[in-house]
Amino acid sequence: MKIIWTLTDESPRLASLTLLPLVQAFAALADVKVEARDISLPARIRAQFPERLTPSQRQADGMIELARLTSSPSANIIKLPNMSASVPQIKAAITELQAQGVNVPDYPGAVVTDEDRDIRRRYGKTKGSAVNPVLREGNSDRRAPSSVKSYARKHPHHMGRWSRDSRTNVATMSGDDFRANETTWVAPAADTLAIKFIDESGVARVLRDAVPVSAGDVVDASVLRVGPLRTFLDAQIQRAKTEGLLFSVHLKATMMKVSDPIIFGHTIQAFFPAVFERYGAELAAAGYTPDHGLASLLSGLDRLPHGAEISQAFQDGIDDGPALAMVDVARGITNLHAPNDVIIDASMPAMIRTSGHMWGPDGRERDTLAVIPDSSYAGIYQKVIDDCRTHGAFNPATLGSVSNVGLMAQKAEEYGSHDKTFELDDAGIVQVTNAAGDVILHHQVAAGDIWRACHTTDIALRDWVTLAVSRARASGTPAMFWLDPTRAHDRALTDVVRRYLKTENTEGLDIQVLAPEEAMEYSLERIRRGEDTISVTGNLLRDYLTDLFPIMELGTSSRMLSVVPLLGGGRVFETGAGGTAPALARAFEETGHFGWDSTGELLALAESLQFVADRTKNPNAAILSETLSEAIEQLLDLGLTPASGNAVIDTRESHLHLASLWYLALRHTPIAARAAQITPTAVLSTLRQVSHTTLEDRGTPWAGTPLWNDVPLSV
Ligand code: MG
């Protein structure tokens, strides 16, 4: 059984330059091969256009190979954080590739010809969360490894104090959103569904054809109405201004890549009503859309006849409006800059950690109105804010832990990100029909409304319940299903969960179903008492909670163990959180210092090696796994990772220390003699070959690393 190591973009890719050769050298001690597969954005783009490239530029589609592998019981994949590319990022990658002589086509600004449509479609495959839904052929098991949790308790990270007078709050729609308009249908038998739009004159158009479903699959549909959305947004902008709060909007445009950029675009239009009233037609005619963010609107305005005027009108809008929360004050980047800059699962925990503050244009922290338009999951953040207002900031030294068992297999609850979400051009009816032509779900829509459907398979649901029970059993921890009785989809899931729980052995286990807001209160009460709880959630809460709780407990979500037990019997080990990936790569380019923390990759590797050991009865792989875990714990304890409060240490240096500690841990094992083949010289020369700036150049005292040099090379 080999291990597949994915090469992605930005910081994790840079870090792999030094880490992967070390990993390969150590894994070889147990005769385990570690092979790289390139699933970076440029590689995915190149794979889309083989006919335009020279043979040497062509790129096999690593995603197709990995997708195939996920059904194999021998799949053992370490998935590093990858980029969920926005259109501006795809365009930047295209420019970079073209500059290197790779003849990929420009991104079509407007779709006129069939060729434009084809090119758009191919680029569409690289957009947003293009990787995760393919690899996640299983549900998710995420938790803080004990080494990481005990480190966090011993070395609690800084948390901003909370005041009882904090005026920070969440604003969310009170109706006519995805939560309120949701309808659901459980397939009584295998069937084939279609999604149709019927306009007001009765003409039908197929939006999506041939969606196969099996008996027991849950299908739901909902619509977010753009009229009420705009009314809501207008009111929040006014409210932030009147109350003197920072205005911020929190979406997930990466994962919900169809719906959320549109909602983001409406936020920009609501913030700059005068601009769009006066120049909206001109901007649209020139191919500008607010959905790509303010930066994309402002860039190239000088090419428009009224460019200077429009630019001034935007500035007037900023001057008139409430103060905007900033992403990067020094660089003048606001919350409205680009749809992917503020991602709710990272931005809300960051705000909660910082006393409920975000950064204002003057570079000072202030109370914030956090606008989360759809109310499906907004309430859980309000509960955390209320809790901090009452009880003060969380104390990482004493906090318990909330782990997660998340539903995500077979694209379960991939809301808004896939081929079943549509922005309607006209008023009419959207229908879901079965093979017999019966309408099973339908919504009346107005022009501009965003309609979405999603499909959750019975197989995924059954596996999710089983995984929850097995985690509750293995950890001896209460498990809570977070399901909302006011939502149609969640009511259907509650029935399924109760039915499948009856088929499991739950004797002696504490397993309950609670509404998300109640489950949040319950879990917060427990972690404040130092107690652990398993949150068992759908796909979105999986994503949100596995950032929220780790960021409170550990200061980062990058050190979570994230295992995907695949339905086919293999495993994917996901590593880290990619949120800091772009900034750290940029800092490396500017300063030569690289601060990416590879602990997540290392934890995943330890699990992946253990999986090899269990599956192939390879005792040496088990030794590598155990010794690596010891080495990680020491690495953290000694402060030898960039994220352990050590701002000086460089990623490459940290890898060197890891190699040293791992080697030391192997000294008293049966493979010590083999380990002696990995000499410091070999490790250092690997590091030198691959480092852009060598450690020597920076005067790093690596040469005197006592941990390594004091050790006899053979035992
Ligand atoms: Mg997340």
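Two strands pair if DSSP finds at least two bridges between them, and strands (E, at least two residues) and helices (H or I, at least four) are DSSP runs numbered from the N terminus. With that in hand, let's start the tour.

**Before you click.** This is a predicted model, in which local features need pLDDT of at least 70 and side-chain atom pairs count only at pLDDT 80 or more, while totals for chains, interfaces and linings use all residues. Residues are numbered from 1 along each chain as its sequence is written, and side-chain values use heavy atoms, with hydrogens and water left out.

**Stop 1: a hairpin.** Select residues 428-433 (β17) and 439-445 (β18), which pair in the antiparallel sense over 6 bridges. G428 has V445 of β18 as its bridge partner. Between the strands of this hairpin sit 5 residues, and G437 in the turn has a positive phi of about 90 degrees.

Stop 2: Because D345 lies in helix α13 (residues 344-353) and D547 in helix α18 (residues 539-554), the pair ties together parts 202 residues apart in sequence. D345 and D547 are both buried (under 20% relative accessible area; exposed is over 50%, partly exposed in between; 1.4 Å probe, protein chains only).

**Stop 3: a salt-bridge network.** Pick K2, E35, R37 and E65, which are linked in a network of salt bridges (a side-chain nitrogen of Lys or Arg within 4 Å of a carboxyl oxygen of Asp or Glu). The closest N and O atoms of E65 and R37 are 2.8 Å apart. E65 belongs to helix α3 (residues 62-69) and R37 to strand β2 (residues 34-38), so this pair ties together parts 28 residues apart in sequence. E65 is partly exposed at 34% relative accessibility, whereas R37 is buried at 15%.

**Last stop: confidence.** Colour by pLDDT, the predictor's confidence in each residue, from 0 to 100. The protein chain has a mean of 90, with 94% of its residues reaching 70 or more. Over residues 690-715, pLDDT stays under 50. Where pLDDT is low, the predicted coordinates should not be read in detail.

Conventions:
Contact means heavy atoms within 4.5 Å.
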